[in-house]
Amino acid sequence: MMEVLMTFFCELEAERLQELFADGTVIAGLRAVQGQVSLGILDLSAERAAVVRALNQNGIPVTAWQLLPKEQGYWFNVDNAPQAANRYLAFKRWTAEHGLQWDGIGLDIEPDIREMRLLSVDKRSLLPVLLKRGLDGERLRRAQMQYQTLVAQIRADGYRVDSYQMPLIVDERKAGSTLLQRLGGLVDIAVDREVLMLYSSLFRPYGTGMLWSYAPDAQSVGVGVTGGGVEIEGVPAAPPLTWEEFSRDLCLARRWTNDIHIFSLEGCVQQGFLNRLVDFDWEQPVVPPVESAAQVQRLRQALRAALWASAHPWLMTVGFLSVVCLLCSGRRTKSGKRNQ
């Protein structure tokens, strides 16, 4: 059996990050499971650099998970590509200054965190914005070009490029649509490894169905949430996975790929999961969530149909008019027969 590659997301402010790695037990745990880390670059501080150096010195591969200040949207999206490029340049200077080594660079593509806050408070205020975005294809095309330029620059610097994507991007691609990207501020970019964030804790009671339905399309499956993560004002945090749920999701993901991302490292440490992964049985029996996945699949089919229609409005219009003409023609024929 091929070894499972486990990469742990870590998203902590500098002080808490130092506390997590202070006594060496977490590094020892990572080495024991041959784990890797995708470290959120929340700041370019000496404290964060010290943690990266410790991981480097212990042979633990680290991916630099690029993030922006919250006032710039935090995650990368359609509207902050210039800020993302500038942040990467600052990150390179910081890396050189502290002599840091990276296994790759991670680009997290999600809606603007400020809009997610606003959505929790006043959903109606976003409707005019969404309507305008739905009609603006140029905004997305410009962002895609800017992000692909950034990806090319990162590759030229010698790094692998990962992206962390929401699963609906798969349905958007299959439908040949860009509607979800235009509305949600997402950007579909070509990278070296795409991680689908299939966090079952966020989609209860259909979370395992989501994982099982989307995992076949994933290069790497993201499982979670075991705890931690950025707090969004007004948005309640979902209860973290229990060990039973976490081990189930790991085994389900392993059915489709040997490349698994786990959110989050700090959650695993807090719940005592990291040590339990040392002798984890990847072959333990697990029942695929067939019924739940079938429900998710039906929803996905409906979504893809709607997305396809949004991408082919003229064909839909012609088809609708053709049906109307046929119905009218049939009525005239029946009327003529009655008059004879």
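**Strands, barrel and salt bridges**

Modeller: Strand 4 (residues 104-108) and strand 5 pair in the parallel sense over five bridges. This is a predicted model, in which local features need pLDDT of at least 70 and side-chain atom pairs count only at pLDDT 80 or more, while totals for chains, interfaces and linings use all residues. Residues are numbered from 1 along each chain as its sequence is written, and side-chain values use heavy atoms, with hydrogens and water left out.

Biologist: What makes strand 4 and strand 5 a pair?

Modeller: Strands are DSSP runs of E over at least two residues, helices are runs of H or I over at least four, and both are numbered from the N terminus. Two strands pair if DSSP finds at least two bridges between them, so the five bridges between strand 4 and strand 5 meet the requirement. Within this pair, D108 stands opposite Y164. Strand 5 is also joined to strand 6 (residues 193-197) by four bridges, again in parallel, with L196 as the bridge partner of Q165.

Biologist: Why is strand 5 described as largely enclosed?

Modeller: Buried means under 20% relative accessible area, exposed means over 50%, and partly exposed lies in between, computed with a 1.4 Å probe on protein chains only. Five of the six residues of strand 5 (residues 160-165) are buried, and therefore the strand is largely enclosed by the rest of the structure.

Biologist: How do you know that R160 and D162 form a salt bridge?

Modeller: The term requires a side-chain nitrogen of Lys or Arg within 4 Å of a carboxyl oxygen of Asp or Glu. The closest N and O atoms of R160 and D162 are 2.9 Å apart, so the pair qualifies. R160 is partly exposed at 23% relative accessibility, whereas D162 is buried at 0%. Both belong to a network of salt bridges that links D103, R160, D162, R193 and D259, and the structure holds 18 salt bridges.

Biologist: What makes the pair of R304 and D171 a link between distant parts of the chain?

Modeller: Their side chains meet in a salt bridge with an N to O distance of 3.0 Å. R304 sits in helix 14 (residues 290-311) and D171 in helix 8 (residues 168-175), 133 residues apart. At 18% for R304 and 0% for D171, both residues count as buried.

Biologist: Which residue forms a salt bridge with K174, and where does it lie?

Modeller: The partner is D217, with closest N and O atoms 3.3 Å apart. K174 is in helix 8, while D217 lies in the loop between helix 10 (207-214) and strand 7 (220-224), 43 residues away. D217, at 32%, is partly exposed.

Biologist: Why is H261 called buried, and what does its side chain meet?

Modeller: H261, found in strand 8 (residues 259-263), has a relative accessible area of 1% and is therefore buried. Its side chain makes a polar contact with that of S220 at 2.8 Å; the term asks for a pair of N or O atoms within 3.5 Å, where within protein one must be able to donate a hydrogen and the other to accept it, and residues adjacent in sequence count only if both atoms are side-chain atoms.

Biologist: How do you know that the strands make a barrel?

Modeller: Eight strands close in the order 1-2-3-4-5-6-7-8, with parallel pairing. Strand 7 and strand 8, for example, are joined by four bridges, and G222 stands opposite H261.

Biologist: Why are the buried residues of helix 2 said to line one face?

Modeller: In helix 2 (residues 25-32), the buried residues are V26, I27, G29 and L30. Seen down the helix axis they fall within an arc of 160°, so they line one face; the arc is taken from the directions from the axis to the C-beta atoms.
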